[in-house]
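Then step back to that chain, and on to its partner.

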Amino acid sequence: MANDVLRATIRDLFRFSLSFRFGSIILVIVGILLLLSFFSPFESDDRRVVPRNKPPSQEFILGTTGNGQDGFWLLTFAIRNTLMVSGLAVLIGRSIAVMVGMITGYLGGKTDRVISSIVDSIIVIPRLPLLILIAAIMQGEMTVLSLALLLGILDWAHPSKRYRAMILSLREREFTHTAIFSGMNAVKVVVQEHLPFLIPLLLADAVAGFLWAIGMEVTLSVLGLSDLTTPSIGTLIFWGNYHHALLRRRVWILAAPIAASVLMVVGFYLVSLSLSEYLDPRTRLSRLTVGEQIDGGKAG
Amino acid sequence: MNLLRTYILPRILQWALVIFVGISATFLIPRLSPINPVDEMIGRMTAFASIDPHAVVSMRESATALFGLEGTLLEQYGRFWARLFTGDLGVSFGNFPRPVSDIIAAGLPWTIGLLSVAILISWVSGVFLGALAGYFHDRRWAQVLERFVVVVYPIPYLIIAFVLIFVFAWWLKWFPLVGGSRGQPGLTWDYISTLLYFGFLPALSLVIGSTAFRFIMAKSLTTTEIASDYVQYAELAAVPKRKIILFYVARNTMLPQVTDLALSLGALFEGALITEVLFAYPGLGFVLYNAIYNADYNIIMGITLLSIAGIATASLLIDLLYPIFDPRVRLR
């Protein structure tokens, strides 16, 4: 049953939303590149396995690097690692956000006011300088995992406000009162009754989290503050800069990770755009009438 | 009087809270990390030379004092605030013994200049282009513009700046690769023209990203606005379209955009930092980059603290000016 609903939703999105069509196609391409990394003929840290600094050719689609690595296979590793870092960061950040949103939204009153004003302050604080400070202190010890943790810890304030608003409105609904009167405790009400309503919002929001995390991964790496031995979109750009790829006219070394990062963020954004449009009750209404007209036309 | 109690006072309290939370976080987070900056520094210094153990001990003591790591956490916290109130951010390790506040003050005007120009241009053009595209949403050009914006918006500032450097500075060679100005500083046309010449690409990279953001918001605000009765009435009354868009629709969409500007200042500031790094523009971003390279924690710390206080204060000022634009807040 749930599967059918999901399939119908995806079909609807594909039919009515141009941005979903393009976005999902881009994400599928990115996904294929990610999967290809598992079939790479080289390890991600293999050096001097191919001729160095060769421009793109039939043998090396994206050229080779100064370390004698194949640009294409290196890129697949980079995409995998960047998506892993940002995926983990999104998971951590959204978990914190859901918890904070649930607590403030459900309890309300004084607790809500205190926590909400702290959250409002955290939103205003610029995160990049803070990130740089922490990363600079951890320099050398930064791993893929700790970067993901760091990004996750810093990205929950904004989404938690949206979840709070959602829970606030759910709390006033009749089924909440029914649940409370029938003796359900608060944790159960929130987790079993309210959480399912949050999931669509969470999906659209997770994509926005990906955008931020990818941007920060790239930024910190270009500043030389992440684990530079692990290939990621950011570290590929860092090493390209480090070896003066532009001045030496080896454009392909920088162009590949930059193009990949653009593909990734645009793909994610287009999908999130179509999802939030889909979740917007106003557009849903107009879509319903359009759907009825189409069905009516068929019947007639 | 009512305005003061219901609007201004809570907002100032909020500002104080932001600064308190932000500065406490900046104090606490480095101390929670398992790495001790003193050990790091001594490790770097003794890596290439053997030093007398007694010297290492006294070095450790002075470094601990320098980082403000003496005593219990609470004592450190108290001293941290005391030093901040006197404007003392410590000395730079990279440029010993130049005070951090000096180095930051040298970079600050560049960043503020770049940022304010970029914010002004992107806010105005985003609001008006968004209003136009929202009003004429069924025109071909509006749809093309929107698709372009939707693709540009999610791209990080860093990538936009990279592409600009690649195309306009490296390939076409229209603009310089690095730097902020040339020649003797002064109010001469020669100097100001180099300022514009060097600042153009960094500002453009910021303007592109933030205009896209404003545009998307302005367009969706406009879409709701043009469905309202007064717009339909104006159209029926044959009020010129130019007037409807500029004086009715755009004006009404500006209010939420002012509030949102206060919220997005942080993101814009982050964009400016990155842009300055890539263009080697002599503002705070470039200072920060050099500090990272030299492991100059005091400077990184100083810039973090300053940016938190600066962004919080700037957004407070915008919010305090808000009643001037919005009579509803004024008369509440």
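In chain B, helix 8 (residues 189–225) packs against helix 10 (residues 241–279) at an angle of about 155°, with the axes 9 Å apart. Axes are lines fitted to C-alpha atoms, for helices over the stretch in contact, and angles run from 0 to 180 degrees between N-to-C directions. Helix 8 and helix 10 of chain B are therefore roughly antiparallel (an angle over 145 degrees). Their crossing is right-handed (the near helix is turned clockwise from the far one by less than a right angle). The residues of this contact divide into 12 nonpolar, 10 polar and 4 charged. Ala, Val, Leu, Ile, Met, Phe, Trp, Tyr, Cys and Pro count as nonpolar, Asp, Glu, Lys and Arg as charged, and the others, Gly among them, as polar.

This is a predicted model: local features need pLDDT of at least 70, side-chain atom pairs count only at pLDDT 80 or more, and totals for chains, interfaces and linings use all residues. Residues are numbered from 1 along each chain as its sequence is written, and chains are lettered from A and ligands numbered from 1 in the order in which they are written.

Chain B has 13 helices and 0 strands (DSSP runs, H or I of at least four residues and E of at least two, numbered from the N terminus). Its C-alpha trace spans about 90 × 55 × 40 Å along the principal axes.

Now turn to the partner chain. In chain B, 43 residues are in contact with 37 residues of chain A (C-beta atoms, placed from the backbone, within 7 Å). Helix 12 of chain B gives the most to this side, with 10 residues. By class, the side has 34 nonpolar, 8 polar and 1 charged residues.

Key:
Angles under 35 degrees count as roughly parallel, over 145 as roughly antiparallel, 65 to 115 as roughly perpendicular and the rest as oblique. Two residues are in contact if their C-beta atoms, placed from the backbone, lie within 7 Å.
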